[in-house]
Amino acid sequence: MGIKIGIPRALLYYNFYPAWEAFFNELGGQVILSQKTNKKIMDDGVMNTVDEACLPVKVFFGHILNLKKKNVDYIFVPRVVSLEQDRFLCPKFLGLPDLVRASMTDIPPIIDMDIDLYRGYGRKTRSEIKRVGRIFTNDMRKIKSAEQAGESALKIYTKYLKDGFIPKDALRMTEGTKPIKKSTEGSLKIGLLGHVYNIMDEYISMNIIKKINDFGGTVITSDMLSKSAIDYGASCYPKDMFWTYGREMLGAGRYMLDNDLVDGVILVSAFGCGPDSIIKDMVEREYKRKDTMPFLTLTIDEETGEAGLITRLEAFMDLIQWKEVV
Ligand code: SF4
């Protein structure tokens, strides 16, 4: 058995898990995932973070505690500064390993690989990969091959997303499960905007995708749109948005609106999220200004009740259906 690496099933897990898993497996590690989010994980996270933290960060902390119980040797908490040139992630990602260390003392050691592509994928990134690789081996060829395994796993995963599979299904497919029917069947097309770690976490989102499907909707997320679609939408604003995921939400929202890509749009934002409060307002204004497409915003926090969500979704779907027949 290799070194056990715990990976929290939260935050950027939904964007990068296949790459991280392939990287650590190739190095001879054994990847252990935390359980899916549940009430205990959320409650533990809420109890162990500062009140000001946003909901997904609180949930992330709950996943760290869940991994502690699984007796892993390390927990992987990357410091993701930037994923593309000239743009950043929100400051919570920049300080995540520090926040975890400062708030929790009795946990396994953290592997805190810096991911900073602000100036591109260069020497700095490779040296971080080597630094982490050396925890497992001094064989540089093995570390290089782990890096390549991570890159190819990510390419395959991204292709599944662009082919229209939601992350949950795309993740299953990267694990070798045969292509499955897309979990997005339904006749009304609903654009679902929001951070992937909010809308894909079934507990946080109260299984919103399934609920939309049950009401006859097919979900389209920003992950399913091409880069040119996002770029088009984002370029309609006078200034470039420097938060990568905020820009993605903004660009997707505008592209869906201008191209009548969907029958209605739902924007899910997390309570306590600074970037979301700005993006939500910007997207909402555009939809109000054009006034051609139904738009709903849902803010979720640890107290959000499922009954309220169902009522609002049902009313929204009714509105779209009514609009279709008049
Ligand atoms: S973008 Fe918002 S929800 Fe995401 S980590 Fe930052 S503050 Fe939290």
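Lysine 4 stands opposite glutamine 30 in S2. In this predicted model, local features need pLDDT of at least 70 and side-chain atom pairs count only at pLDDT 80 or more, while totals for chains, interfaces and linings use all residues. Residues are numbered from 1 along each chain as its sequence is written, and side-chain values use heavy atoms, leaving out hydrogens and water.

Strands S1 (residues 4-7) and S2 (residues 30-33) pair in the parallel sense over four bridges; two strands pair if DSSP finds at least two bridges between them. Between S1 and S2 the chain passes through helix H1 (residues 13-26), giving a right-handed β-α-β crossover. Right-handed here means that, with the strands pointing away from the viewer, the path from the first strand over the helix to the second runs clockwise. Helices (H or I, at least four residues) and strands (E, at least two) are DSSP runs, numbered from the N terminus.

S1 also pairs with strand S3 (residues 74-76), in the parallel sense over two bridges. There, isoleucine 5 has tyrosine 74 of S3 as its bridge partner.

## Helix H13 and its two sides

Now to H13, where Pro275, Asp276, Ile279, Val283, Glu286 and Tyr287 are buried (under 20% relative accessible area; exposed is over 50%, partly exposed in between, with a 1.4 Å probe and protein chains only). They cover an arc of only 100° around the axis (taken from the directions from the helix axis to the C-beta atoms), which puts them on the same side of H13. On the other side of H13, Arg285, Lys288 and Arg289 are exposed.

Just after H13, aspartate 291 takes a positive phi of about 50°.
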